[in-house]
Amino acid sequence: MKLPPALLTSDFLVAGLTALAGTIPPLERSLWQRARRQVGGRDLAEVLGTAEVLHKAGAHVSFDLFGTSARDEVEVRRTLDGYIALAKASTDISPDPWISVDLSHLGLRRSRHDSVRAAMRLADYVGAGGRIQVGAEEAPLAGEVLTAVRALASEGVPVMATVQANLRRSPGDIQDLIAAGIPIRLVKGAFPERENIALAPGPAVDRAFHRLACSIHDAGGVVALATHDGALREAVFAECGQLDCEVSFGVRGEDVAGLIADGVSTRVYLPFGPQWLRFYLRRLAEAP
């Protein structure tokens with residue numbers, strides 16, 4: 001039976017299934033075996049082992065610790081401690097470990113100032129070749145996220161912004177980011193948005209992605225193509241030459257090997273953590 005996406009990602013189902021799996025080890029093992037293909041690990045030790053394998057294959061890594069929007073200072077503190085532990089440990093695996101973080105996990109919805117302060121504290125533990133890669137969030141938060149990114153950059157934090165090609169505001173955003181010298185991770189956009197805010201999924205978004213990627217490149221900005229659309233990626237390469245790429249762990253692994261073999265700098269987004277089941281159910285909802 002195919003469940004509706006909204007049910008798959010509901011807090012009720014996630015909490016119930018997590019509790020049930022915790023009392024039935026065979027169920028938990030079965031779920032983990034399925035989720036493992038797209039999850040770097042359930043804890044720090046497991047994800048570092050996965051990262052080591054990826055590095056030996058020639059890939060770079062961007063680590064992300066599963067989390068949710070922080071509702072209070074206690075949750076921000078807990079999340080920040082987890083990221084700091086990750087940043088400290090990842091420098092033993094790679095000379096350029098990147099840390100991917102959604103600022104809402106560091107309290108952005110409560111206070112932009114406090115989320116920037118938390119990200120600056122995290123930056124103190126990122127290695128010399130590392131970077132904080134700030135994730136995209138829903139369109140209503142896009143302005144707040146990018147304002148926070150510019151604040152981090154102004155303080156000397158090695159930061160990378162994520163821009164969603166489907167948002168109608170993105171051409172203006174990339175101009176501001178290029179002017180500030182901030183590297184850009186370009187994605188198509190995964191959140192359902194209103195028509196007056198975003199383009200409809202499909203050819204229009206593909207054209208916007210292509211146009212934005214080449215605009216950033218032509219303006220002298222730094223851009224990484226974060227898409228699994230091989231045809232779109234090759235079309236951008238044909239116009240702009242090879243650009244850095246980012247892919248999600250466990251998705252089209254043959255493409256990763258091909259990009260690395262072709263000499264393309266390829267970074268793998270590697271999520272992990274105790275909340276792996278929530279992530280797996282979300283992926284099922286997106287692409288059952």
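Q: Is D81 buried, exposed or partly exposed?
A: D81 counts as partly exposed, at 38% relative accessibility. Here buried means under 20% relative accessible area, exposed means over 50%, and partly exposed lies in between, using a 1.4 Å probe and protein chains only.

Q: Before we go on, what sort of model is this?
A: This is a predicted model, where local features need pLDDT of at least 70, side-chain atom pairs count only at pLDDT 80 or more, and totals for chains, interfaces and linings use all residues. Residues are numbered from 1 along each chain as its sequence is written, and side-chain values use heavy atoms, with hydrogens and water left out.

Q: Thanks! Which residue does D81 form a salt bridge with?
A: D81 pairs with R77, and their closest N and O atoms are 2.4 Å apart. A salt bridge is a side-chain nitrogen of Lys or Arg within 4 Å of a carboxyl oxygen of Asp or Glu.

Q: Why do such side chains pair up at all?
A: Side chains of opposite charge can pair when their charged atoms come close.

Q: And where do D81 and R77 sit?
A: Both are in helix α5 (residues 73-90), four residues apart, so about one helical turn separates them. Helices are DSSP runs of H or I with at least four residues, strands are runs of E with at least two, and both are numbered from the N terminus. R77 is partly exposed too, with a relative accessible area of 34%.

Q: How many salt bridges does the structure hold?
A: It holds 14. Another one joins the side chains of D229 and K188, at 2.9 Å from N to O.

Q: What does the D229 and K188 pair tie together?
A: D229 lies in the loop between β6 (223-226) and α10 (230-240), while K188 lies in the loop between β5 and α9 (203-218), so the pair ties together parts that are 41 residues apart in sequence. D229 is partly exposed at 22% relative accessibility, and K188 is partly exposed at 24%.

Q: New topic: where is R185 found?
A: R185 is in strand β5 (residues 184-187). R185 is buried, with a relative accessible area of 15%.

Q: What joins the side chains of R185 and E246?
A: A polar contact of 2.8 Å. That term means a pair of N or O atoms within 3.5 Å; within protein, one must be able to donate a hydrogen and the other to accept it, and residues adjacent in sequence count only if both atoms are side-chain atoms.
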